[in-house]
Amino acid sequence: MMDLFTKSRKKPDSAVDSFGAPGGGKSMMISAVTVVILLFSWWLVTKLALVKPLFLPSPADVFGKFEKIACTRFYLEEIWVYFGLVEENAVECAGFSDSTLLEHTMWSLYRVFTAFFLAVITAVPIGVSMGMHRISRGVFDPMIEFYRPIPPLAYLPLIIIWFGIGDSAKIILIYLSCFAPLAINARAGVRSVSIEQIHAAYSMGATKSQVIWHVVLKAALPEILTGMRIAIAFGWTTLVAAEMVAAKSGLGVMVLNAARFLATDIVFLGIVVIGIVAFFFDLLMRWIERTLVPWKGKV
Amino acid sequence: MTAILKLDHLNVIYPTAGEPVRALDNICIEFQPEEFVVALGASGCGKTTLLNVMAGFINPSSGTIALKDKPIHGPGKDRGVVFQKHALLPWLNVLENVEFGLKIQGVGKAERRAIALDNLNLVGLGDFGSHPIYQLSGGMQQRVGLARALTSDPEILLMDEPLGALDAFTRESMQELILKVWDKTHKTVFFITHSIEEALFMATRLVVMSPRPGRITHQYDLDFCRKFIAGTDTRAIKSSQDFIKIREEILAIIHGEEEEVM
């Protein structure tokens, strides 16, 4: 057990770390233990009643709220009804703010991923063209650099005035927060292509469009994927702001309404769910990165 | 015999904030079929600029450059380039890198695979086709680069210090390998190096260049590489009296120029 924490130089997988290289060795186990200790201290602090539940609800409270809001029994019953095992769904389902946790989550996922998808299909081509052509760079650079450092909350009122209080305004706000990192990383990716690779392609008879497709875009792919990881994180960050105005359901709404009623346990629950969804999406992105660009950092 | 490549009164001038830099000054040189021309010179003598002009990556400020009597405008598959850093595409494996040129030219899969494999065998990497290039050593990567440049069957091979980044042992065996490939393919080669020994060993014609302005100062016809092809041992060539004598002569030229500048 202990050797999971000590950085043994005898083990073959750590032999690749050369002496003095910063940050060598594995950290997975250490992270797992940290999480366990944090959860344990949370439980202990609430168990000993050191802090009022209003400020810090116990893990049991949060999980209890999860059961209530998620309506797991209700959904299970629905499945039984579907297969004809039970006549009628008799389970009550309260949810929170007129929606179950699943509905809140789906609404937020819909908003974040619609915005993210739209941003990817527009910002990546624009970023690539900014890297390729001076006219495109000249046109888009001042716009992106101007709005990029402004917090989304600052231009939220303007978005509402322009686009109303419907879903489109929320999606546009999240879209804008995803757009800048995607475009900037795509542009940086294009600029990182080695001129030798481009020259090599031309001296093998490639046309300009073949160079863009077979060399520039492939070489930019690692940075485009990095941009996607940053962008989706920005998207989640902006979600709560986007749902502040006139949204009926969504994880952001759930958290904000819960805060209004001082239902701290539900605030916790919402934060945890957003964190977990974002974490799994990041895992997915890292897996895509390993599959699509295994050469990253090796050339 | 018609020249493969002919450079006539070629000038390249880089505009700078101050005095414009004459990177190449009035270069006239012809490349005959199956010649192995090596350019040697200190940094800044314009050898890489010369190669870039021949490859079509740089347009000359004045003068003409023609391949088999046709003027050159921009890069093309009739001139294969091997770079100092391998410049292979890491998202393709070894075989895909070698066949890349034929693929973008629209050659069918079976045919281009066969040609690529022939060229990989030529550089001794026939068994490495499915390897990712980032798992190969520096010497192997340069061999893939050579196979790739050969695959389009160019009129001339342009090699820009291809062995500069390799260790001394790999470098010697790569020199031998390149000469063997040259002998088998009968290509015309233009090869740039910093190393006097390498230049003498490999060249049928040695071009000594000197900086400020970049120009050709001396040319030598050599036959050490033909002796190697005929079967003479590399060490025996490099330690022969003739070799040492001409090596010292060229060293004196290059040192002499440096003192002039000082």
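Me: In which sense do strand E4 and E5 of chain B pair, and over how many bridges?
Reply: This is a predicted model, in which local features need pLDDT of at least 70 and side-chain atom pairs count only at pLDDT 80 or more, while totals for chains, interfaces and linings use all residues. Residues are numbered from 1 along each chain as its sequence is written, and chains are lettered from A and ligands numbered from 1 in the order in which they are written. Strands (E, at least two residues) and helices (H or I, at least four) are DSSP runs numbered from the N terminus, and two strands pair if DSSP finds at least two bridges between them. Strand E4 (residues 62-67) and E5 of chain B pair in the antiparallel sense, over two bridges.

Me: Which strands of chain B stand at the edges of the open sheet?
Reply: The open sheet of four strands in chain B has the order E2-E1-E4-E5, with antiparallel pairing. Each edge strand has a single partner strand, so one side of each is left without a neighbour in the sheet; these are E2 (21-31) and E5 (70-71) of chain B.

Me: Which helix gives the most to the side of chain A that touches chain B?
Reply: Contact (C-beta atoms, placed from the backbone, within 7 Å) takes 17 residues from chain A and 21 residues from chain B. On the chain A side, helix H8 (195-202) and helix H9 (208-242) each supply at least two residues. The most, five residues, comes from H8(A).

Notes. Two residues are in contact if their C-beta atoms, placed from the backbone, lie within 7 Å.
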